[in-house]
Structure formats: C-alpha cells, structure tokens
Amino acid sequence: MDSQLAEAAAAFQARTGATPDQMADLEAFREELVAANAVMNLVGPDSLPDFWNRHVYDSAQLLDHEPEALTWADLGAGAGFPGLVLAILLKGRPGAHVWLIDSLGKRCRFLEIVVANLDLPATVINGRAETQSLSVDVVTARALAPLETLLGYAQPYIKRGAKGLFLKGEKAEVELAAARQTWRVDAALSVSRSDPRGRLVEVRSLRRVP
C-alpha cells in the first residue's frame with residue numbers, strides 16, 4: 001500500500017475504531033476490487049485512490065446510524081458498497097448477516113469471491129431486489145437509482161419492518177421532493193460524514209400515493 005493509501009487507512013481506523021482484523025479484511029477487499037476493476041467496470045477507476053473515504057467510510061457511517069442492526073439487505077450491491085463493508089465490520093457479531101442483491105451475474109461472482117475469501121457473514125443473491133422475501137433490520141442502497149425508483153425496490157422490505165438507509169448525492173433533496181409525488185414517505189435527511197455534499201436518507205415508513 002502506498003503512503004497516501006496508508007494515511008487514508010489510518011485516518012479511517014482512527015475515525016471508526018476498526019480493529020486490526022477488520023482493517024486487514026478491508027485491505028484484502030480493496031486488493032480484490034482493484035484487480036477485478038481492471039477487467040470490469042465496478043467503480044470509476046479515478047475513485048480507487050480515495051477508496052478509504054469515498055467508498056469505505058461512506059459505507060461504514062451507516063452503522064453509526066443503526067448500531068444495533070444486525071441484518072441488512074444491500075440492493076444493487078454492485079462492487080460491495082455498502083454491503084461488503086458492513087459485512088466486514090459486523091463479522092463476528094452473533095446474528096449478523098448481510099444480503100447482497102444484484103441483478104448482474106458478473107458482479108455477483110465478484111461479490112461471492114470476496115465473501116468466500118474473507119469468510120464474511122453474507123449471502124449473495126443474483127436477482128431483482130424487489131422480488132426477494134427477506135425480513136431485515138435495515139434495507140440500504142448506494143448509487144442504485146433515483147429515490148422515486150429506489151423506494152419502489154425497497155418498499156417490500158420496509159413493509160416487513162425494515163428501516164431504509166440510503167446513501168445519496170447532492171441532489172437528494174430534489175430527488176426526495178420528486179419522490180413525494182409518488183410516495184407518502186416519512187423521511188429525514190442528514191449530511192454524509194464522508195462528503196458534506198452527500199446525504200443519508202432515512203426512511204421510516206412508506207406507501208404509495210393513492
């Protein structure tokens with residue numbers, strides 16, 4: 001790991017209190033991602049030097065919002081943000097499990113390799129997010145779809161009792177306003193800890209506008 005990445009990793013560890021074993025798993029995940037990203041587009045290549053803040057800390061902040069949550073569903077899991085990061089940080093906690101759901105087979109194969117290599121408490125599902133019958137504490141997603149569409153994917157989970165926690169960009173307020181044309185949603189926005197332009201959207205209840 002070069003000096004810039006090492007400094008970013010140390011900063012992440014200081015902010016989160018991640019253990020040495022968690023840091024080792026996160027670094028192994030980073031190495032797998034770099035290798036896989038060279039042959040398929042999992043994340044923008046320009047974002048890899050900022051792996052520890054833009055990707056890992058962005059994902060890890062979800063646990064500060066729901067520290068007691070043990071079961072999570074990551075919709076459109078893609079490169080594993082936030083799902084793989086959550087699984088690494090929850091590893092070893094009794095009852096913890098993360099479902100990584102993605103419709104693209106090659107992304108699922110990447111996720112399966114990381115889950116197997118790091119022995120993570122996670123299950124990869126190759127399928128449509130909205131058709132799964134999972135009951136979880138939290139349903140989450142990052143960079144999957146505009147909020148109006150994303151809420152449709154998440155509705156079955158929220159209806160079964162999950163809280164929604166969605167990582168969004170600087171247009172979150174605009175997206176939420178648009179979503180309210182379709183959804184009656186009890187939602188709150190907070191500023192992302194990894195980027196002040198980003199927002200975390202917390203959804204407590206949701207139903208379609210009649």
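Reader: What follows helix α4, and what makes its phi stand out?

Author: Glad to start there. In this predicted model, α4 is followed by glycine 92, and the phi of glycine 92 is positive, near 95°.

Reader: Why is helix α4 called largely enclosed?

Author: Buried means under 20% relative accessible area. Eight of the eight residues of α4, which spans residues 83–90, are buried, so the helix is largely enclosed by the rest of the structure. Among them are Gly83, Val85, Ala87 and Leu90.

Reader: How do you know that strands β2 and β3 pair?

Author: Pairing takes at least two bridges between the strands. Here five bridges join β2 (residues 97–102) to β3 (residues 122–126), and the two strands run parallel. In one of these pairs, aspartate 102 has asparagine 126 in β3 as its bridge partner. The chain gets from β2 to β3 through helix α5 (residues 105–118), and this β-α-β crossover is right-handed.

Reader: Why is lysine 168 called buried?

Author: The relative accessibility of lysine 168 is 13%, and the cut-off for buried is under 20%, so lysine 168 counts as buried. You will find this lysine 168 in strand β5, residues 163–168.

Reader: What makes the pairing of lysine 168 with alanine 145 a polar contact?

Author: A polar atom of the lysine 168 side chain lies 2.8 Å from the backbone oxygen of alanine 145, and the limit for such a contact is 3.5 Å.

Reader: Which residues is lysine 168 in contact with, leaving aside neighbours within four places in sequence?

Author: They are Ala145, Pro146, Leu147, Glu175, Gly198, Arg199 and Val201.

Note on methods. Residues are numbered from 1 along each chain as its sequence is written. This is a predicted model: local features need pLDDT of at least 70, side-chain atom pairs count only at pLDDT 80 or more; totals for chains, interfaces and linings use all residues. Side-chain values use heavy atoms; hydrogens and water are left out. Buried means under 20% relative accessible area, exposed over 50%, partly exposed in between (1.4 Å probe, protein chains only). Helices (H or I, at least four residues) and strands (E, at least two) are DSSP runs, numbered from the N terminus. A crossover is right-handed if, with the strands pointing away from the viewer, the path from the first strand over the helix to the second runs clockwise. A polar contact is a pair of N or O atoms within 3.5 Å; within protein, one must be able to donate a hydrogen and the other to accept it, and residues adjacent in sequence count only if both atoms are side-chain atoms. Contact means heavy atoms within 4.5 Å.
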